[in-house]
Amino acid sequence: MASKRGKCNSASDLETIPSKRFKIETDHISDPASDNNSTVSIEKIQTKKESEYFEKPVVRNESKKRNKTKKESQPMSAPANWKEIYDNIMKMRKERSAPVDSMGVQSNLSDDIPPNESRFHVLFSLILSSRTKDTVNSSVMNKLREYGLTVEHIRNTSVEKLTELIHPVGFKNTKAKNIKKVV
């Protein structure tokens with residue numbers, strides 16, 4: 001009989017256990033000790049694989065199994081009501097009251113800096129903006145301008161100091177390293 005913990009002492013005990021984790025296979029082989037070609041039944045108790053005893057198959061990462069050849073993408077057609085959707089968006093954005101309108105990348109630019117430095121400010125702000133709120137990005141950019149946001153100055157700044165300067169943004173360590181690679 002099966003014990004209280006669900007262990008079994010013989011193959012017949014497996015039938016009383018409500019587990020689906022075991023399977024019993026019976027092989028019939030000829031008895032080498034017998035002269036009259038009789039067969040012996042041998043019961044093999046095997047533990048099933050996970051995929052055999054779970055009711056739902058185990059989902060594994062299929063990315064490695066995907067076909068490496070990419071299918072040609074079909075051009076998408078515009079939705080039938082695209083003009084109505086566009087008009088509604090224009091109505092909602094008429095007041096330009098979202099934080100991105102007052103603190104986005106374009107608001108961080110000023111006319112008194114040269115174009116190449118302005119492009120660097122845009123790039124810097126875009127790197128910082130990933131996974132960061134516009135309000136945080138704007139305040140960090142203002143702090144960086146006070147520090148001296150030029151290519152040469154950032155190039156001479158250590159990664160640790162840059163991480164400290166951009167502290168409020170998300171993923172500051174990674175972004176500081178990436179900025180140093182860009183500079």
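Student: What share of the contacts with a separation of 6 or more comes from residues 24 or more positions apart?
Tutor: In the protein chain, 43% of them. Contact means heavy atoms within 4.5 Å.

Student: What should I know about the model and the numbering?
Tutor: This is a predicted model: local features need pLDDT of at least 70, side-chain atom pairs count only at pLDDT 80 or more, and totals for chains, interfaces and linings use all residues. Residues are numbered from 1 along each chain as its sequence is written, and side-chain values use heavy atoms, with hydrogens and water left out.

Student: How many helices and strands are there?
Tutor: The protein chain has 9 helices and 2 strands. Both are DSSP runs, numbered from the N terminus: helices are H or I with at least four residues, strands are E with at least two. The order along the sequence is α-β-β-α-α-α-α-α-α-α-α.

Student: How much of the chain counts as buried?
Tutor: Of 183 residues, 18%. Buried means under 20% relative accessible area, exposed over 50%, partly exposed in between, using a 1.4 Å probe and protein chains only.

Student: Switching to H121. Where is it?
Tutor: In helix α5, residues 115-129.

Student: Buried or exposed?
Tutor: H121 is buried, at a relative accessible area of 3%.

Student: And what does H121 contact, beyond four places in sequence?
Tutor: L109, I113, M141, R145 and L149. L149 in turn touches E117, F120, H121, F124, M141, L144 and I154, again leaving out residues up to four places away.

Student: Which other residues of α5 are buried?
Tutor: Besides H121, there are S118, F120, F124, S125, I127 and L128. Their cover includes α6 (134-147), α7 (151-155), α8 (159-165) and α9 (172-182).

Student: What span should α5 have?
Tutor: Its 15 residues should span 21 Å at 1.5 Å a residue, and the end C-alpha atoms are 21 Å apart, so the two agree. The expected span is 1.5 Å times one less than the number of residues.

Student: What comes after α5?
Tutor: R131 follows, with a positive phi near 60°.

Student: Now the largest nonpolar core. Which members touch the most others?
Tutor: F124, L128, L144, L149, I154, I166 and I179, out of 15 residues. Helices α5, α6, α8 and α9 each supply at least two residues of this core. The largest share, 4 residues, comes from α5. A nonpolar core is a set of buried Ala, Val, Leu, Ile, Met, Phe, Trp, Tyr and Cys residues joined through side-chain atoms within 4.5 Å.
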